[in-house]
Structures are given as C-alpha cells and as structure tokens.
Amino acid sequence: MENLSNIGVIRDLLARHGFRFSKALGQNFLVNPTVCPRMAEQGGAGPGVGVIEIGAGVGVLTAELARRADRVVCVEIDGRLLPVLAETLAGFQNVEIVNADVMKVDLRALIAEKLGGLRVVVCANLPYYITSPIVMGLLEQRLPIESVTVMVQKEAAQRLCALPGTREAGAGSCAVRYYSEPKVLFPVSRGSFLPSPDVDSAVIRLDIRREPPVDPGDEKTFFRVVRAAFSMRRKTLLNCLSAGLPLPKERAAALLERAGVPAGARAEQLTLEQFAAVSRALAEEA
Ligand code: SAM
C-alpha cells in the first residue's frame, strides 16, 4: 500500500470508499509519518509479541505494528472502515480486525483466543471521547498485558501520569500509578492529524506492575478512600473523607491520626503509601 501518512493518499483512499469522518467516534487519523513507527517501537511491538490495537482508522499504526510484531488484533467500531482496511492491510497475513465496540468486547477472551502464547501489549491512538474508560478498563481488568502505549490528549497525558503528591495528581493518576509505572513518551502536535483536532496530544506508556507498589489492606477500601479524598479539590482531607466515605468528623479525624496523616492535608499532597495507610486503618475499623 502507498504511504498511509500522506494526506493526498488518505484523501483519495477515503473518497474512493465514500468515507466521511465521524467526530462522534473521535476519528482524527494520523498523517505525521514519524509518529507511528515511534509508537510501535516504543510500545514494544517486536518478535514474540502480540498487539491489541483499539481503533484502526485507515490502518496507519496497524501496519507499523504488523511489520514488527507476530500478530496484531485491532478492535474497530466503525464497519465503514472494513473495506478500506481490507485494501490498506492486504499485504499483511498477521492482522485481524474485530469489528466491535472496545467497551463491549471481552478483551481477556480475545487475548486468550487470538494471542495465546505471545507476550501481549496494547498500542493505540485512542478515540479521545472515551480515553479514561478505556485506560482504566485496561488496568482494572488486570489483563495479561505487559504495557499500554496510547496517544491521548496532552492534558490527559499529564493528568494520567501525574505523580501522587503533586498538584496535577487526582484519583485517576493514583489508580494509574497503583496498577502501572506511567511515563510520557513524546508530544504530538495537533497538525499531525486529519482532520486536525483543537488540542495537542502526547503518547504515554504504562508499564503494568506485577505487584501493587503499596499494601492497601483491602483494594476496594483503598479506591473508596482515594475517590473520597479527591472528591472536593479545595477541601481538607478530613472534610473530604468525612463527606465522601461518609464518616462522622471525629471518626474521620481518629482514622487519619491512626494512619499518621495530617487532617489538614489536601489529597494532592498525599503519597500512595499514605493513601494505603488510611485504607488499612479504615479496613481495620470494619
Ligand atoms: N489508529 C488510527 C490512526 O492513528 O490514524 C485511527 C485513530 S482515531 C483517533 C480513533 C479510532 O477509534 C477511529 O478509527 C474510530 O472509528 C475508532 N473508535 C472509536 N470509538 C471506538 C470504540 N468504542 N471501539 C473501537 N474503536 C473505536
């Protein structure tokens, strides 16, 4: 297939198939030739590796993944792209497109059925309207995957990769860091896409941890504490936990004291270990 990063080639291809971009499906296709090879390389596509991609578009990243990995399985919701992909990916025997909504697919079963025996990574230019549900879903399901390398909005990249204890931290970044070691790999300008979105992007990689970095006692309690702590950004931890768990103020204060965490602190000042200490103290109470 001709150069899939070339705007003229893509326009011609899509016109021949009568394809019109769907904004609702987050269809901004990559047209910067340097981005997909870098994503595939840094995302770990290589011999012995099976890749799950989400959203093929015209297959520009799919092709780079297929050149390097043993197998690529791509979940694409838009059936109108199937004839386009049949044309652009015709040269690859190791690619399968699954026409489905990634939010409804049983990814564990898909991996077992189609990528058995391979080390598995996820690599995708995500549809931005469902970035968080996809990323959190991939992590929370504890899938047998080694890493998640995804293009997301620049602000989402900063939020998801924020270090607990810093101003950008939130419930999402604490969860991301609990399940993985996140890293911002490189920025991608809005001009790298067709059509061009209103925001810049960045590629991030989440290396999945085998073991959580802290002992939360009970995991459900840990995430209840984290969510409650970040529920009201300007309030103190004491107020947030008291309102969010919910607990009478005196009990919330006693809990924080047992955990060794200052009641006047704010959630964004806490490390994961401190959240874990509060979680353990709460679990002990039950
Ligand atoms: N990988 C291509 C690229 O880099 O040019 C396309 C990326 S585009 C940002 C997102 C893709 O995800 C589109 O092809 C869109 O149709 C697809 N998509 C949107 N929502 C989806 C969903 N719920 N499940 C699977 N694919 C989805």
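## Cysteines

A disulfide is taken here as a pair of cysteine sulfur atoms within 2.5 Å, and in this predicted model a search of the whole structure finds zero of them. Cys 174 takes part in no disulfide, the nearest cysteine sulfur being that of Cys 240, 13 Å away. Because the closest cysteine sulfur to that of Cys 240 is the one in Cys 174, at 13 Å, the separation is too far for a bond.

With a relative accessibility of 1%, Cys 174 counts as buried, and Cys 240, at 0%, counts as buried as well.

## Nonpolar cores

The largest nonpolar core holds 67 residues, of which Leu 241 and Phe 275 touch the most other members. Helix α12, spanning residues 272-285, supplies the largest share of this core, with seven residues. When neighbours within four places in sequence are left aside, the contacts of Leu 241 are Val 225, Ala 228, Ala 229, Pro 246, Leu 247, Leu 256 and Val 278.

Another core, of 40 residues, lies apart from the largest one, and Leu 13, Leu 14, Ala 66 and Tyr 128 are among its members.

## Ligand surroundings

The ligand is surrounded by 24 residues, the closest being Leu 30, Gly 55, Glu 76, Asn 125 and Tyr 129. Of the 590 Å² that the ligand exposes when taken alone, the protein buries 99%.

Note on methods
Residues are numbered from 1 along each chain as its sequence is written. This is a predicted model: local features need pLDDT of at least 70, side-chain atom pairs count only at pLDDT 80 or more; totals for chains, interfaces and linings use all residues. Side-chain values use heavy atoms; hydrogens and water are left out. Buried means under 20% relative accessible area, exposed over 50%, partly exposed in between (1.4 Å probe, protein chains only). A nonpolar core is a set of buried Ala, Val, Leu, Ile, Met, Phe, Trp, Tyr and Cys residues joined through side-chain atoms within 4.5 Å. Helices (H or I, at least four residues) and strands (E, at least two) are DSSP runs, numbered from the N terminus. Contact means heavy atoms within 4.5 Å. A residue is near a molecule or strand if one of its heavy atoms lies within 4 Å of it. Accessible areas come from the Shrake-Rupley method with a 1.4 Å probe; for residues, only the protein chains shown count as cover.
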